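Please look through the structure below with its sequence at hand.

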Amino acid sequence: MPALRNKNCNYISNKEIKITFDGKSYSAYEGDTIASALLRNNIRLIGRSFKYHRPRGIYTCGIEEPNALVQILNEHNEPNTRATVKRAYEGININSQNRWPSLSFDIGSINNILSPIFSAGFYYKTFMGPKGFWKKIYEPLIRRTAGLGKPPKNFRSKSIHQNHNVDILIVGGGLSGLIAARKLINTDNEVLIVEQDSFLGGILKNSNKIKKIDGKNVFEWIQETEKLILKSKNIKILKNTLVTTYNFTNHLIALEDKYVGKNIDINKSELTLHKIRTTQTILANGHIERFISFRNNDLPGVMLASSFEKYIERYGVVPDEKPVIFTNNSSTISLVKSLINLNCKPCAYIDSRKKKDIEDETKEYLSKNNIPFYPESEVEGCEGNKKVEKVYIRNINNKILSISASMLCPSGGFNPDIHLFTQSKGLVKWDDKIISFKPDTAFQKTITLGSVSGNYEFKNLCNEINKKLSFLKANDLNIDIETNIRDDFSINELWETKTDKMSKWSKSFIDLHNDVTTKDLKQAINEGYDRIEHLKRYTTNSMGTDQGKISSINSLGIVSKILNKKIAEVGTTTYRPPYAPLSFAAIAGRSTYEYYDPERKTPIHNWHIKNNAVFEDVGQWKRPWYFKKNDSETMHQAVQRESKQTRQTAGILDGSTLGKIEIKGKDALEFMNLIYTNAFTKMKPMTSRYALMLGEDGMIMDDGIICKINDKHFIATTTSSGAPKVLSHMEEFLQTEWPHLQVYLNSITEQFTTFNISGPKAREIISKVFTDIDFSNEKFPFMTFKSFNYKNTQARIMRASFTGELGYEIYISPKHALHLWEQIFHYGKEFNLVPYGTETMHLLRAEKGYVVISQETDGTVTPLDLNFNWMIGKKKKDFIGKRSLTRSDTAREDRKQLVGIVPIDKSQFIEEGQHVLERENLPSKIKTPIEYLGHISSSYHSPNLNHCISMAMIKSGNKLKGKKLFVSTPKGTKNIAVEIVSPVFIDPENKRLVS
Amino acid sequence: MTKILSTDFVTVVQKDYLQVLVRGNGTDQFNQIINKEISINPPLKNLEIKSDDKHIFAKNSFDQWSLLYLVEEDYKKILKFIENLNLNDEILASDYSYGQVYFEITGKNKNEFLNKLTNFDLRSKKFPVSTMAQTLIARIDCSIYNLGSKYVITCNKSFEDYFQKRLKDSANLS
């Protein structure tokens with residue numbers, strides 16, 4: 001039988017929809033949440049609890065819900081969805097969670113029978129031993145049983161981010177937020193209102209507490225206000241958007257659900273994460289009702305009083321026609337009035353306050369309507385099979401009475417919703433009048449309005465807003481609010497009722513989500529966890545996804561009573577973002593999959609694709625790693641082929657990623673002498689030089705080739721990944737250490753595409769491409785360069801090589817790069833010119849003994865360690881790192897030094913990263929540290945020498961040349977016997993280089 | 001010119017502009033040298049731009065300026081201009097023409113659209129007309145020039161494909 005409908009409710013449509021819950025179909029209305037739809041069908045049992053698998057129902061009507069978490073099957077299998085928030089739509093398919101085989105018969109509920117052993121700290125006490133159990137038994141078992149729902153599979157979120165910059169952000173479009181917005185209409189402030197619901201109004205739509213505003217009924221007033229806001233030029237509204245995070249500098253994060261009440265479209269973005277930067281934040285996010293702990297306060301059918309009223313007023317569903325109301329405050333009379341208006345009547349009204357403290361108006365109303373009234377009484381507990389069937393009342397005479405009822409509505413008072421305020425680092429203080437914490441001192445530009453500031457009196461609201469927003473110089477508003485209830489809030493302190501325990505399995509819960517009982521709190525304190533932060537972690541109290549929204553203050557109340565302290569002295573735990581669960585997909589936004597990291601491509605990229613390049617990521621660059629000749633060719637085969645061909649005829653590398661910096665000014669020469677180790681003074685114009693850059697610690701930072709145009713104009717190349725770092729290093733020294741030098745720098749990395757062509761036939765090929773240039777050794781010797789005009793663009797060719805072969809580096813405008821690349825291939829065809837990738841580049845340079853920064857070096861290597869003494873301008877007065885090179889540690893001879901290594905048995909291969917040792921064998925079990933001399937920094941199979949060649953950094957390497965040592969292997973204890981040699985394996989006389 | 005995307009609220013067009021990056025000390029002599037070459041005085045205030053139908057001239061920082069050619073110009077002339085500037089020791093001019101890509105963003109929702117990709121405050125009171133900024137858009141370094149009815153955004157050419165895709169993606173997923 002369907003539940004009674006409140007036909008006066010304006011906020012729910014008459015359009016019927018079909019929903020499915022646990023395989024059964026039900027009718028609901030468009031606008032229903034899953035919870036209101038299920039209540040409409042008298043479904044009370046929604047799920048099973050986290051630890052004890054106890055039956056659970058719907059406890060609240062909003063984001064604070066600890067129980068009613070469900071799995072949505074027909075979206076992306078979304079688990080842990082709050083039934084009290086998620087809007088139902090035609091065809092939505094919902095499953096209950098954490099139960100097997102069914103919701104009503106759940107094997108896991110055996111945990112409830114065993115619950116006496118699952119007390120606070122169970123995990124910490126139980127999983128200590130025996131040794132080995134953790135890995136093999138406990139952890140796999142816990143992993144299998146952990147969690148509630150099932151994670152989504154094969155779902156690619158398309159959630160996006162949207163940034164906002166505004167003057168004022170109003171969090172909450174309820175009564176306070178709307179009054180504040182009306183005050184700001186058509187002012188100079190850009191205002192954004194963020195409302196978690198799909199419509200404005202908040203408490204105005206959730207209860208019948210307010211009768212009229214400015215003589216209009218609340219529905220009209222909300223409509224009028226929304227129209228005024230939409231007409232204004234300075235205020236925007238974001239609905240269905242929940243502010244989850246309040247960071248420093250007034251930066252707030254809010255999550256918008258774009259598919260409220262409809263099935264998501266997987267081709268569109270389903271969520272928007274709003275990142276809001278504001279000058280002023282107005283928090284008007286209201287309050288949250290808290291519960292009261294009593295025996296079996298978790299049974300389906302127990303629902304907070306204001307939530308019950310919200311279902312009536314906002315969703316037009318009356319969950320029960322004769323509930324029991326249990327309160328410690330004056331607010332619940334509003335629910336009674338809502339029920340009476342619908343010809344329903346509570347079967348009991350239990351008020352823990354003394355009779356004299358209860359408002360006369362309430363007493364008269366209850367009496368007039370013949371509602372059984374229990375002043376100075378409390379609910380001892382309730383019982384029933386998977387639902388409330390009996391409620392036990394401890395009356396004024398301390399006698400227990402039982403009444404039959406199917407719903408029980410407790411109200412333990414209200415907590416100002418201070419989560420966001422405390423996230424902003426605002427300080428809170430205890431208020432004895434409302435018996436809760438409320439905002440005290442703001443840390444940022446934050447204003448709290450209405451119930452979040454602890455003001456529960458509607459008639460004072462306008463004054464509060466006028467006063468707190470007076471600095472904005474907007475006109476004062478005078479809004480008359482007429483209420484249906486007495487406006488002065490009254491409450492007495494009640495956290496837990498006295499229990500006459502009737503069964504071992506009766507429990508009085510303090511945290512419904514994590515199944516923490518009040519007994520657990522007491523036990524934790526007895527065990528010494530009397531600090532609130534320790535106690536929270538030991539018991540997991542308020543650590544669920546609801547973050548204890550309805551119960552955390554209650555736990556403080558109970559703890560304070562046990563410790564005999566005031567709540568203010570016990571303090572609060574820290575409220576951390578997010579306010580409500582936020583999916584990782586929303587946080588990641590579009591920075592996933594193809595947009596995980598920005599990609600950089602060279603102008604030749606598409607040619608590489610067409611020619612079967614396999615790419616590797618070098619920073620953000622996509623660089624060809626190697627080119628596959630055919631599908632069956634392996635990487636090893638491709639690299640061996642490319643290397644061999646380059647040394648036999650010619651190969652070409654796309655080196656566009658190389659960093660390039662233009663340096664110019666009257667003091668450019670002095671600057672270059674200071675920033676690099678090399679001496680540039682005697683260097684001839686239009687020549688180039690391999691150069692090293694050190695950090696102030698004397699360690700190698702970067703390398704490159706310097707082209708000297710004249711004493712006032714240089715072009716430096718850098719490593720591909722080091723380009724931005726080198727430019728900012730240069731700028732920093734120019735601006736901070738040497739401001740007297742007149743030097744300017746421009747990055748020209750992207751302005752020139754770079755090709756490196758090398759091999760014995762390189763000259764012949766390039767001469768055919770650039771017919772006007774004389775490439776002979778005499779006219780174009782090694783380490784010189786020429787600038788020329790190519791199709792009306794600037795171009796430069798430098799004779800240099802990173803392979804040890806005759807080589808040229810071509811710098812060309814990106815506009816003509818692809819054309820030129822193809823031209824080179826056109827003329828190179830007869831010489832079997834081969835494109836090669838970075839792996840071959842590394843192999844070729846290793847054969848020649850050239851180092852790679854960050855492969856042979858690691859931030860602890862000096863030029864002397866690499867035998868680069870020749871690169872240090874010893875006569876120079878100063879350069880960065882010079883003083884550090886004379887320190888005893890950097891000058892000592894037993895530092896790790898660069899050597900070459902070859903296996904004695906030439907058929908063996910040495911792996912990179914392996915240790916170099918003096919021992920032939922390693923013990924099968926290493927019990928004491930084994931001294932090692934260094935490590936293999938590079939290792940390749942040389943196709944030109946037909947054996948493995950390696951480079952290594954080893955202690956006193958220079959003295960060990962010619963000696964036999966050993967290199968470890970990834971597997972086994974037998975090391976590879978090797979000979980220490982010079983790191984230059986090919987052409988040590990440089991005949992090829994200068995040919 | 002290539003149309004990247006067009007909706008009722010925003011249009012993105014890629015343009016083939018040319019650009020020169022100039023560094024110098026901003027003294028009167030520097031201004032005269034520049035003015036002699038192109039008859040525009042360099043903007044004096046940081047992040048200020050001077051623009052006409054043919055140029056955007058922006059002061060990127062205390063010693064750096066960008067000169068964008070909005071209409072087709074003889075490239076040889078630009079190279080000559082760079083050469084002439086570089087005759088002066090106190091100036092470094094570099095050709096940025098083909099190493100950068102240029103996008104024009106127009107439409108009434110251009111701010112909202114761009115704020116999907118950048119947290120930069122595009123409101124006119126924080127980013128007035130005739131100013132520029134260097135900021136991250138779609139997580140890459142970009143320069144953005146506010147010409148009132150449109151923004152011109154430039155970034156390194158290596159990001160061209162990625163940036164185009166991100167612009168289209170943002171428009172599709174609005």
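Strand E44 of chain A is covered on both faces: A:Gly807, A:Glu809 and A:Tyr811 on one side are buried, and so are A:Tyr808, A:Ile810 and A:Ile812 on the other. The strand runs over residues 807-812, and six of its six residues are buried. A residue is called buried if 20 or more other C-beta atoms lie within 10 Å of its own, exposed if 12 or fewer do, and partly exposed in between, with C-beta atoms placed from the backbone. Strands (E, at least two residues) and helices (H or I, at least four) are DSSP runs numbered from the N terminus.

This is a predicted model, in which local features need pLDDT of at least 70, side-chain atom pairs count only at pLDDT 80 or more, and totals for chains, interfaces and linings use all residues. Residues are numbered from 1 along each chain as its sequence is written, while chains are lettered from A and ligands numbered from 1 in the order in which they are written.

E44(A) has neighbours to pair with. Two strands pair if DSSP finds at least two bridges between them. Strand E41 (residues 753-758) of chain A pairs with E44(A) in the antiparallel sense over six bridges, and here A:Asn756 stands opposite A:Glu809. Strand E43 (residues 793-799) of chain A is also antiparallel to E44(A), over four bridges, with A:Arg796 opposite A:Tyr811.

Elsewhere in chain A, A:Asn8 sits in the loop between strand E1 (4-5) and strand E2 (16-21). Is A:Asn8 buried or exposed? A:Asn8 counts as exposed because 12 other C-beta atoms lie within 10 Å. Its C-alpha atom is 11 Å from that of A:Ser338, although 330 residues separate the two along the chain.

Now turn to chain B. An automatic or database domain assignment gives the domain bounds: domain 1 of chain B covers 2-14 + 100-172, and domain 2 covers 18-95. Their C-alpha centres lie 23 Å apart. The contact between them takes 10 residues from domain 1 and nine residues from domain 2; two residues are in contact if their C-beta atoms, placed from the backbone, lie within 7 Å. On the domain 1 side, strand E9 (131-137) and strand E10 (140-146) of chain B give two or more residues each.

Chain B also meets chain A, with 35 residues of chain B in contact with 35 residues of chain A. On the chain B side, strand E3 (18-23), helix H2 (75-86), strand E7 (92-95) and helix H4 (160-172) each supply at least two residues.
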